[in-house]
Amino acid sequence: MSDGAVLPDESRSPPSSQKDAGLKKLPPYWYPYTTMAKERWLGREILEIVSTEFRDRSMEYYRYALESGVTTINGKVATPDTVVRNGDRIENVVHRHEPPVTSTPVKIVLHDKERDFLVIDKPGSIPVHASGRYYRHSLVEILRNEFGFPKIYTINRLDRLTSGLMIVPLNADLARSLSAEFVNGLIRKEYIARCKGDFPAEEVICEEPLLTVDRQMGLNIVHPEGKPAKTIFNRLHYDSATNTSVLHCRPMTGRSHQIRVHLQYLGHPIANDPVYSEERIWGANLGKGGVDVIPCENRAPPAPPAHLLSDNSPEALNLKPSDATGSPLLLASEVEDNGKSGAKLFPRETGHDIGMGSPVPLSSEAVEIITRLRNMKDEDEDWSRWRDVVFRAKGSLAPKNIPRAPLPPQNKRKKGGPSLPQTALPEDMALAPQLTQGEALARLSQMEAPPPAVDPATGTLYCSECYLPLHPDPKPEKLYIFLHALRYTTSLGSFETDVPEWGAEGWKWDQV
């Protein structure tokens, strides 16, 4: 490690960042997103696609956003029932409310200028790549904007909730060779975790195959049709005060959520894992020994919490049961508009989107687990509150300060990229100099967020530009799990980070 210059560990935050009570926050901003139609989207309505692929917002939000005209296909405003065809270019403008992340900074452990790579210590809470509601609070953007590395190659990725060491090449050749080492199992990876219970003192090897069964929620289970996986566990110490064990973990393969799922299967899930250690999702045994794998076709629609179905609640979903026994709840407006029950419902509304992305048919137990996970997320984010707020507001989404560029000819379009539909501009804007996409985004990130509005019926604070409810900030300790990439040994050398504080013997865990 003497070949490179070690940089200081202090935090370097962009001017737009705000730090408060252990959190790093960004003001919301409008962001243009462009993509080409994916094969699995072809022949499907745009509302069905976005509501099935994403769960950051409610069905009502996606319908409302499309009706506001913020999404275009090949330069024409899309409506909820627009069908996506092969070769379509989809452009969408969203008002990004990036979730807060912990104020723990990204640390540069080593910058080897001669061999052109970084060794970093990633804090839990930030994803490696922009995804969902995360963009500037992603590792790639932080390294670009806060540390000045315009081009990096992320060859080993840590989960958003996982902290620890990553090796980041700064040129394509090194990225290819190091990536081959990971693929061929030539890199020794060592993690530290804190799990529930008194883990066995002797070495434990878990070799159960793993399968991703829900892409939206990123859920993985042990399944005979899954990919081979192997993890070696050794207990470092047990803490009787918290009934938790600190483990040294050696994943011999690199499957998604491998350590988390293997520990769950063994009956010792990571102590603060919000998914694999949650009784509301898995039941009292927390998924120990895996789940049933016998295929089942039964599905159930999302179930809002009971208090939100009350006629006396100003936040009620206004749902009414259809006449057909056992059929899903319908929006009251849908029943009235159609004059009868049986209004068209999308897979997400009936629960039939569960399993759409799974490579194998799901069992009834797996379906129930995914349904409970989704219902828990929906309840936590309280979409119904947003729904009533937005309908009382009766406003349309109106993106501001986004430059409009003409759509290129069909034969000259590139996949992705900063193209936006051709739109008539007001005279005052038409005379103004047009910014590039990069200039616009740089300017937007420095703008102050508009003050929140207050819904008079519920007292809910919500965004005055997109009507999203503004929930209280999470506690920093809820934004990461007790899993840390401690040490990697590669052809470049052996690199490690400090042990996180929760890995120390005698550490006090405030579970309140």
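**Entry 1. Terms and basis**

I take two strands to pair if DSSP finds at least two bridges between them. Helices (H or I, at least four residues) and strands (E, at least two) are DSSP runs, numbered from the N terminus. I note that this is a predicted model, in which local features need pLDDT of at least 70, side-chain atom pairs count only at pLDDT 80 or more, and totals for chains, interfaces and linings use all residues. Residues are numbered from 1 along each chain as its sequence is written, and side-chain values use heavy atoms, with hydrogens and water left out.

**Entry 2. The chain as a whole**

I looked up the overall content and found 12 helices and 22 strands in the protein chain. Of its 512 residues, 50% count as buried; buried means under 20% relative accessible area, exposed over 50%, and partly exposed in between, with a 1.4 Å probe and protein chains only. I then turned to contacts, where contact means heavy atoms within 4.5 Å. Among contacts in the protein chain with a separation of 6 or more, 67% come from residues 24 or more positions apart.

**Entry 3. Helices α1 and α2**

I examined how helix α1 (residues 46-53) lies against helix α2 (residues 59-67): their axes come within 10 Å and cross at roughly 140 degrees. Therefore α1 is oblique to α2. For these values, axes are lines fitted to C-alpha atoms, for helices over the stretch in contact, and angles run from 0 to 180 degrees between N-to-C directions. Angles under 35 degrees count as roughly parallel, over 145 as roughly antiparallel, 65 to 115 as roughly perpendicular, and the rest as oblique.

The crossing of α1 and α2 is right-handed; a crossing has that sense if the near helix is turned clockwise from the far one by less than a right angle, and is left-handed if anticlockwise. I listed the residues that meet: Ile46, Leu47, Val50 and Ser51 from α1, with Met59, Tyr62, Arg63 and Leu66 from α2. By class, this contact has 6 nonpolar, 1 polar and 1 charged residues. Here Ala, Val, Leu, Ile, Met, Phe, Trp, Tyr, Cys and Pro count as nonpolar, Asp, Glu, Lys and Arg as charged, and the others, Gly among them, as polar.

I also checked burial in α2: 8 of its 9 residues are buried, so the helix is largely enclosed by the rest of the structure. The buried residues of α2 include Met59, Glu60, Tyr61 and Tyr62. Just after α2, Gly69 takes a positive phi of about 85 degrees.

**Entry 4. The sheet of β3, β6, β4 and β5**

I traced an open sheet of 4 strands, in the order β3-β6-β4-β5, with antiparallel pairing. Its edge strands are β3 (29-36) and β5 (76-77), each of which pairs on one side only.

I followed β6 (residues 89-96) to its partners. Antiparallel to β3, β6 is joined to that strand by 8 bridges, and Tyr33 stands opposite Asn92 in β6. Strand β4 (residues 71-73) pairs with β6 in the antiparallel sense over 3 bridges. Thr71 stands opposite Asn92, and Thr72 stands opposite Glu91. I record β6 as mostly covered, with 6 of its 8 residues buried.

**Entry 5. Strands β12, β15 and β16**

I found strand β12 (residues 204-206) paired with strand β15 (residues 231-239) in the antiparallel sense over 3 bridges. The bridge partner of Ile205 in β15 is Ile232. β15 also pairs with strand β16 (residues 244-251), antiparallel and over 8 bridges. In this pairing, Asn234 stands opposite His248 in β16. β15 and β16 form a hairpin with 4 residues between them, and Asn243 in the turn has a positive phi of about 55 degrees.

**Entry 6. Helix α5**

I checked burial in helix α5 (residues 258-265): 7 of its 8 residues are buried, so α5 is largely enclosed by the rest of the structure. Among them are Gln258, Arg260, His262 and Gln264. Just after α5, Gly267 takes a positive phi of about 90 degrees.

**Entry 7. Positive phi in two loops**

Most residues other than glycine have a negative phi. I therefore looked at Asn74, which is not a glycine and yet has a positive phi of about 55 degrees. Asn74 lies in the loop between β4 and β5 and, at 25% relative accessibility, counts as partly exposed.

Leu286, also not a glycine, has a positive phi of about 55 degrees. I placed Leu286 in the loop between α6 (279-282) and β17 (319-321). Is Leu286 buried or exposed? Leu286 is buried, with a relative accessible area of 12%.
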